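Subject: Structure handover

Hello,

Please find the structure below, with notes on what was found in it. Definitions and cut-offs are given where each term comes up.

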Amino acid sequence: REMNALVDELGIATRNMEQTVSWHQNLKNSLHHDCSDDITAVREEASRAIARLAAYTGNQLKVTHTEFEMKLKKEIQQLELQNEVEIKAAINKNREGMQNMRQQSNATINSNLDTITALTKELV
């Protein structure tokens, strides 16, 4: 009888072990499935976040490019205006210099003509 009781206990223990192993395997599979779902969800959220960041960065780059382009155009216009003012000033200065040279040349010519006229009168 004791042998039968021990065999029965061994059978019960074996079934309990098999059930425990089965339960453990089911739990392991369930956790693995849950983890896979969680990992997939995290990956999808990360992909969406990366896409949003890429779109935002692209928009910021466009805004920065547009602002830089407008600033550069404004600076070019200011430099062109400054150059135009400087060129006009140089032209006016040259014009005044030419006028002064003409006046001096005319004065010299008139003086020379007066000298020639005076010398001619003396000779006659």
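The count of salt bridges comes to 4, where a salt bridge is a side-chain nitrogen of Lys or Arg within 4 Å of a carboxyl oxygen of Asp or Glu. This is a predicted model, in which local features need pLDDT of at least 70 and side-chain atom pairs count only at pLDDT 80 or more, while totals for chains, interfaces and linings use all residues. Residues are numbered from 1 along each chain as its sequence is written, and side-chain values use heavy atoms, with hydrogens and water left out.

Overall form

The chain has 1 helix and 0 strands; both are DSSP runs numbered from the N terminus, with helices being H or I of at least four residues and strands being E of at least two. The radius of gyration is 52 Å, well over the 14 Å that the globule rule gives for 124 residues, so the chain is more spread out than a compact globule. That radius is taken over C-alpha atoms, and the globule rule is 2.2 Å times the number of residues to the power 0.38. Along the principal axes, the C-alpha atoms fill a box of roughly 180 × 20 × 10 Å. As one example of spacing, Thr 57 and Leu 31 are 26 residues apart along the chain, and their C-alpha atoms are separated by 38 Å. Thr 57 lies in helix α1, and Leu 31 is found in helix α1 too.

Surface

Buried residues make up 0% of the 124 residues (buried means under 20% relative accessible area, exposed over 50%, partly exposed in between, with a 1.4 Å probe and protein chains only). Thr 57 is partly exposed at 45%, and Leu 31 is partly exposed with a relative accessible area of 45%. The chain exposes about 11,700 Å², of which carbon and sulfur atoms supply 60%; accessible areas come from the Shrake-Rupley method with a 1.4 Å probe, and for residues only the protein chains shown count as cover.

Trp 23, Leu 27 and Leu 31 make a nonpolar surface patch of about 320 Å². Patches are made of residues with over 30% relative accessible area and no salt bridge, joining like charges within 9 Å and nonpolar side chains (Val, Leu, Ile, Met, Phe, Trp, Tyr) within 5 Å.

Charges and salt bridges

There are 15 positive and 18 negative side chains, and the centres of the two sets lie 10 Å apart. Lys and Arg count as positive and Asp and Glu as negative, with His and the chain ends not counted; the place of a charge is NZ of Lys, CZ of Arg, CG of Asp or CD of Glu.

- Arg 48 and Glu 45: the closest N and O atoms are 2.9 Å apart. The two are 3 residues apart in helix α1 (residues 2-123), about one helical turn. Arg 48 is partly exposed at 42%, as is Glu 45 at 37%.
- Lys 73 and Glu 69: the N to O distance is 3.8 Å. They are 4 residues apart in helix α1, about one helical turn. Lys 73 is partly exposed at 47% and Glu 69 at 35%.
- Glu 84 and Lys 88: the closest N and O atoms are 3.5 Å apart. Both lie in helix α1, 4 residues apart, about one turn. Glu 84 is partly exposed at 42% and Lys 88 at 48%.

Glu 45 and Arg 48 also belong, with Arg 52, to a network of salt bridges.

Regards
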